[in-house]
Amino acid sequence: MQKTLQSMDGTSFHNTTIKCSVSTLIKVLGEPDCAMNDGEDKVNFEWYMETDNGDVFTVYDWKEYRSLNENEMIQWHIGGGNRNVTEQAAREIRDAIAKS
């Protein structure tokens, strides 16, 4: 799993989520590609990533409508081209968290 410069066009939510903190995601995914933690939009943080297979995916909070504490546990959405991609992304993120 790594950051990507590929287009995120065609990614969407397929009911795949993970629960962790902003600080944990920063530790395993790096700095977010978008970070507007003001609660004014549907998303405060978003990462553009690709799986080990090269499939693109996004990780983002959804409709929290508040500033997030970097250590609070929240549900993160994973967007991708299909459910198989989002499930693979979730596995890779969980593995990275377990190893951190």
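Visitor: Where does G10 lie?
Guide: This is a predicted model. In it, G10 belongs to the loop between β1 (2-3) and β2 (12-20).

Visitor: Is G10 buried or exposed?
Guide: G10 counts as exposed, because its relative accessibility is 60% and the cut-off for exposed is over 50%.

Visitor: Which residues is G10 in contact with, leaving aside its neighbours within four places in sequence?
Guide: With those neighbours set aside, G10 is in contact with G80 and G81.

Visitor: And how many Å apart in space are G10 and N69?
Guide: From C-alpha to C-alpha they are 30 Å apart, and 59 residues separate G10 from N69 in sequence.

Visitor: Let us change topic to strand β5. How many of its residues are buried?
Guide: Five of the five residues of β5 (residues 56-60) are buried, so the strand is largely enclosed by the rest of the structure.

Visitor: Which way do the residues of β5 point?
Guide: V56, T58 and Y60 point one way, while F57 and V59 point the other way. In a regular strand, side chains alternate between the two faces of the sheet.

Visitor: In what sense do β4 and β5 pair?
Guide: Strand β4 (residues 45-50) pairs with β5 in the antiparallel sense, over five bridges. The hairpin of β4 and β5 has five residues between the strands, and G54 takes a positive phi near 90° there.

Visitor: What about β5 and β6?
Guide: β5 and strand β6 (residues 74-80) also pair in the antiparallel sense, and this pairing has four bridges.

Visitor: Which residues stand opposite V59 in these pairings?
Guide: V59 is the bridge partner of W47, and V59 stands opposite I78 in β6.

Visitor: T51 next. Where does it lie, and is it buried or exposed?
Guide: T51 lies in the loop between β4 and β5. T51 is buried, because its relative accessible area is 2% and buried means under 20%.

Visitor: What is T51 in contact with?
Guide: Leaving aside neighbours within four places in sequence, T51 is in contact with M1, F57, V85, Q88, A89 and E92. The C-alpha atoms of T51 and R91 are separated by 9.7 Å, although these residues are 40 residues apart along the chain.

Visitor: Where is S21 found?
Guide: S21 is in the loop between β2 and α1 (22-29), and S21 is buried, with a relative accessible area of 4%.

Visitor: Now the aromatic rings. How many aromatic pairs are found in the whole structure?
Guide: A search of the whole structure finds four aromatic pairs. One of them is F45 and W47, a stacked pair with 6.3 Å from centre to centre and 25° between the planes.

Visitor: How are the rings of W47 and W76 arranged?
Guide: Their centres are 5.6 Å apart and their planes are at 75°, so the pair is edge-to-face. This pair links distant parts of the chain, with W47 in strand β4 and W76 in strand β6, 29 residues apart.

Visitor: Are W47 and W76 buried or exposed?
Guide: Both W47 and W76 are buried. Ring pairs link F45, W47 and W76 into a cluster.

Conventions: Residues numbered from 1 in each chain as written. Predicted model: local features only at pLDDT ≥ 70, side-chain atom pairs only at ≥ 80, totals over all residues. Heavy atoms only, no water. Helix = DSSP H or I, 4+ residues; strand = E, 2+ residues; numbered from the N terminus. Buried < 20%, exposed > 50% of the residue type's maximum accessible area, 1.4 Å probe, protein only. Contact = heavy atoms within 4.5 Å. Pairing = 2+ DSSP bridges. Phe/Tyr/Trp six-rings, centres within 6.5 Å; stacked < 30°, edge-to-face > 60°.
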